[in-house]
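Dear colleague,

A summary of what was found in it comes after.

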Amino acid sequence: MENLESALAGGDLDELERAAAALDRLVEVSLGFARSAPGVEYAVSIVKAILVALALRLFLIEAYQIPSGSMIPSLLIGDHIFVNKLSYGVRLPVVHWQPLHWGGHRRGDVVVFAQPLDDDLPLLERRDFIKRIAGLPGDTVEVKGEVLHVNGEPQPRRLVQERLRFYDRLGDAGPWTGAYGQLWEERLENADGRGVSHAVLRDGDRIHFPYEGPFRVPLGHLFMMGDNRDNSQDGRAGGWFVPLDHVKGRALFIWWSWGKPGTGSPDEPGIRLERMFRSVR
């Protein structure tokens, strides 16, 4: 160490190189056992793997399980999806801060977001929701005669199936209940002319409001709606909006699905192979 300090003080490069080499040999002799110990190397590998997995989950991609029927028929209870957390920018969790953001939000995108009504709750009590973007910053969203209007323009829709069989569930441990609904196809238009067509479920036996809105979306916010239009806690309930920095990412595809009906039995829950690796639209 003294030789190294002398070399640094004197600016002698040759002496500095020799002193650094001697110091490296000393470290190797003193701590070499730790470098080569199998247990230490194994522990270091585990720590590295955990850090990489944590970084991927925090900033790149995250798994999310569909807990409710608010997105039926597009997403079913028990679907497990991957969410692209870099869809719209880099977001720091918990604090709802986007140090980098590049936008790209589109009407029709299915996104996971932190429920803004839970911001004042303890961290473990806050909820993540998954809905479809129906209104962008500055939009005016209305529902007239069950037809979605954006900035005064009705969004096209058509009836696909009069009676669609589906299953809902009350809570994680609640019983599965079968029901029927009307299957519609709706198209959400965007300014660039590229619309997003998606499925919508309607309860034909329910009395519907003739008018909902208008919901004027503040700048820096989004208006969300569920595809199960008669059973979705979304922006229509109280007119709440989602700040852009609360959006965690866009849904990519279903990687696992378990629920009712399962493979091999229409009356029992099980694996739903036909839904696996299906893109979320």
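This is a predicted model: local features need pLDDT of at least 70, side-chain atom pairs count only at pLDDT 80 or more; totals for chains, interfaces and linings use all residues.

Residues are numbered from 1 along each chain as its sequence is written, and side-chain values use heavy atoms, with hydrogens and water left out.

The protein contains 3 helices and 17 strands (DSSP runs numbered from the N terminus: H or I of at least four residues for helices, E of at least two for strands). Of its 281 residues, 40% are buried, that is, under 20% relative accessible area with a 1.4 Å probe, counting protein chains only; exposed means over 50%, and partly exposed lies in between. The accessible surface comes to about 15,800 Å², and carbon and sulfur atoms account for 60% of that area (Shrake-Rupley method, 1.4 Å probe). Of the contacts between residues at least 6 apart in sequence, 56% join residues at least 24 apart; a contact means heavy atoms within 4.5 Å.

The largest nonpolar core has 12 residues, among them Tyr-64, Met-71, Val-110, Ile-130 and Val-280. Such a core is a set of buried Ala, Val, Leu, Ile, Met, Phe, Trp, Tyr and Cys residues joined through side-chain atoms within 4.5 Å. Strands β2 (79-84), β5 (110-114) and β16 (247-259) each supply at least two residues of this core. Not counting residues up to four places away in sequence, Met-71 touches Val-110 and Ile-130, and its other partners include Lys-131, Met-225 and Asp-227.

An open sheet is formed by 3 antiparallel strands in the order β10-β11-β12, where pairing requires at least two DSSP bridges between two strands. Its edge strands are β10 (157-169) and β12, each pairing on one side only. Between β10 and the antiparallel β11 (residues 176-188) there are 10 bridges, and Arg-165 stands opposite Tyr-180 in β11.

Ala-199 lies in strand β12 (residues 196-202). Is this residue, Ala-199, buried or partly exposed? Ala-199 is partly exposed, because its relative accessible area is 23%. Leaving aside neighbours within four places in sequence, Ala-199 is in contact with Pro-73, Ser-74, Leu-183, Trp-184 and Asp-227. The C-alpha atoms of Ala-199 and Glu-186 are 6.2 Å apart, with the two residues 13 apart in sequence.

With kind regards
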